[in-house]
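The sequence and the coordinates should be kept in view while reading.

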Amino acid sequence: MSNVVKNEIASHELPATPMDPAVMAKREEKIQVAMIGLCGCWGCTLSFLDMDAGLLSLLDKINISRASITDIKRIPKRCAIGFVEGGVANDENIETLEHFRENCDILISVGACAVWGGVPAMRNDVSLEACFKEAYIDSPTAVPGIKPVIPFHEDLPLITTKVYPCHEVVKMDYFLPGCPPEGEAIFKVLDDLVNGREIDLPTSMNRYD
Amino acid sequence: MNTEITIDGKKIQAQIGKPLIDVASDNNIYIPSLCYMRGKPCLGTCRVCSVRVNGHVMASCTVPVYEGMDIEVETPDLVDMRKALVEFLFVEGNHNCPSCEKSGRCELQAVGYETGMMVARFPYRFPVRTRDHASKYIWLERDRCIFCQRCVEFIRDEETGQKIFSIDNRSTNASIEIDVELADKMSPKQVKRAADICPVGCIIDKDLGFNKPIGERKYEIKSIKERILKGKPNE
């Protein structure tokens with residue numbers, strides 16, 4: 001993000017009560033897993049939670065690092081596995097994705113948006129100008145009598161001209177399509193990786209919607 | 001008359017002249033296809049059923065059985081080639097499964113699952129194609145057309161036999177067209193047939209969409225592979 005020099009503090013930088021050293025030591029030994037959402041609807045993240053009891057069975061082996069569930073804003077320690085939901089639609093997405101690539105050994109595209117752009121990519125067949133016009137200038141919900149404005153501020157991410165799948169920005173190692181993929185499918189992939197098996201998602205679990 | 005052919009090293013008795021793709025499915029060997037319909041003349045447009053016959057890659061729906069055939073179907077390079085052909089179809093148009101009425105009963109999607117496609121290795125093109133909703137009963141969603149030509153050949157005016165659908169232009173400019181006058185004369189049964197034989201969600205019955213809940217849709221109940229191998233694609 002271009003605004004890091006400003007006087008801002010992220011939640012993970014705030015002073016906090018130190019954790020029990022024994023718990024921390026145990027956490028350090030585990031396989032670090034991260035997950036983030038780019039331009040998506042967070043449905044895939046909900047699917048991640050849909051692993052339910054499956055997730056519990058893995059918690060002896062994995063520690064969830066940066067993720068929307070933990071509210072950790074930067075990856076504190078190199079991760080073995082990173083899940084990415086959503087495609088790339090602005091400069092903040094690019095920065096986050098690159099941060100993940102630099103800090104994760106294996107990076108996985110989760111869901112239609114990460115795999116090919118998904119619903120946000122429906123704007124790819126119109127120009128960015130037309131997009132902004134539709135959203136802010138000629139919007140049917142624009143407040144009458146008020147001059148319409150296209151939001152522009154240094155704190156706002158810059159929108160990219162097109163929406164890109166993650167693998168067109170950085171190298172992605174695996175792909176898990178679906179809108180969203182079932183929790184069971186995410187569990188199968190994670191379980192395979194954690195237990196050192198080659199990822200083998202059965203045909204019956206592969207879904208594009 | 002029968003002859004002996006070899007598929008992936010397995011000796012098979014097959015009737016001379018019968019399409020290779022049919023012989024394969026009768027012998028429990030699934031070859032994915034998007035344009036071929038058993039019992040109908042082959043179109044040979046999608047090439048997804050490509051196999052190697054005596055060293056040459058051919059679309060198996062276009063090859064009649066002859067003596068001394070040695071066929072490879074499941075060799076890793078052919079499996080990957082068929083997958084790549086399906087990926088081509090996905091990047092060529094705009095195949096937005098999450099927002100498509102045909103999802104769950106779409107042959108392209110089902111064949112994508114069978115070939116193990118997770119992502120396309122080619123850049124997505126996002127072409128701009130206009131929709132055609134001029135006809136009374138049919139919504140033509142051109143984004144999804146894969147130019148299989150099933151509708152062009154098999155859906156014709158019941159009185160005159162004239163074609164109702166046609167393909168205009170070539171290559172990236174190709175576009176599926178509908179003769180609105182003839183289309184408006186179509187019986188509800190024929191409209192349903194047109195929508196059913198479309199292997200993607202291009203020909204959409206205006207009265208029908210999202211009618212089956214997720215989990216109860218055609219290829220969720222039974223995969224396309226099972227259907228083709230049983231010889232009952234639509235039951």
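Among contacts in chain A between residues at least 6 apart in sequence, what percentage join residues at least 24 apart? The share is 79%, where two residues are in contact if their C-beta atoms, placed from the backbone, lie within 7 Å.

This is a predicted model, in which local features need pLDDT of at least 70 and side-chain atom pairs count only at pLDDT 80 or more, while totals for chains, interfaces and linings use all residues. Residues are numbered from 1 along each chain as its sequence is written, and chains are lettered from A and ligands numbered from 1 in the order in which they are written.

**Chain A**

Chain A contains seven helices and seven strands; helices (H or I, at least four residues) and strands (E, at least two) are DSSP runs, numbered from the N terminus. Read from the N terminus, the order of elements is α-β-α-α-β-β-β-α-β-α-α-β-β-α. Along the principal axes, the C-alpha atoms of chain A fill a box of roughly 60 × 50 × 30 Å. Of its 209 residues, 33% count as buried, a class that requires 20 or more other C-beta atoms within 10 Å of the residue's own, with C-beta atoms placed from the backbone.

**Chain B**

An automatic or database domain assignment divides chain B into domain 1 (2-23 + 30-74) and domain 2 (94-229). The centres of these domains, taken over C-alpha atoms, are separated by 25 Å. Their contact takes ten residues from domain 1 of chain B and 17 residues from domain 2 of chain B.

Chain B has an open sheet of five strands in the order 2-1-5-3-4, with mixed pairing; strands pair if DSSP finds at least two bridges between them. Its edge strands, each pairing on one side only, are strand 2 (10-15) and strand 4 (56-59) of chain B. From one strand to the next, the twist averages 40°. Within strand 5 of chain B, B:Ile71 is the bridge partner of B:Val53. Helix 2 (residues 76-92) of chain B lies across strand 3 and strand 5 of chain B, at about 145° to strand 3 of chain B; axes are lines fitted to C-alpha atoms, for helices over the stretch in contact, and angles run from 0 to 180 degrees between N-to-C directions.

| Strands of chain B | Bridges |
|---|---|
| strand 3 (residues 50-53) and strand 5 (residues 70-72) | two bridges |
| strand 7 (residues 165-168) and strand 8 (residues 175-178) | four bridges |

Strand 7 and strand 8 of chain B form a hairpin with six residues between them, and B:Asn169 in the turn has a positive phi of about 60°. B:Asp168 stands opposite B:Ser175 in strand 8 of chain B.

**Between the chains**

The contact takes 22 residues from chain A and 16 residues from chain B. On the side of chain A that touches chain B, helix 5 of chain A gives the most, with three residues.

The largest nonpolar core has 104 residues, and A:Val84, A:Ile186 and B:Ile203 have the most contacts inside it. Such a core is a set of buried Ala, Val, Leu, Ile, Met, Phe, Trp, Tyr and Cys residues joined through C-beta atoms within 7 Å. Helix 7 (residues 183-194) of chain A gives the most to this core, with six residues. Leaving aside neighbours within four places in sequence, A:Val84 is in contact with residues including A:Ile36, A:Phe100 and A:Cys166.

Technical notes: A residue is buried if 20 or more other C-beta atoms lie within 10 Å of its own, exposed if 12 or fewer, and partly exposed in between; C-beta atoms are placed from the backbone.
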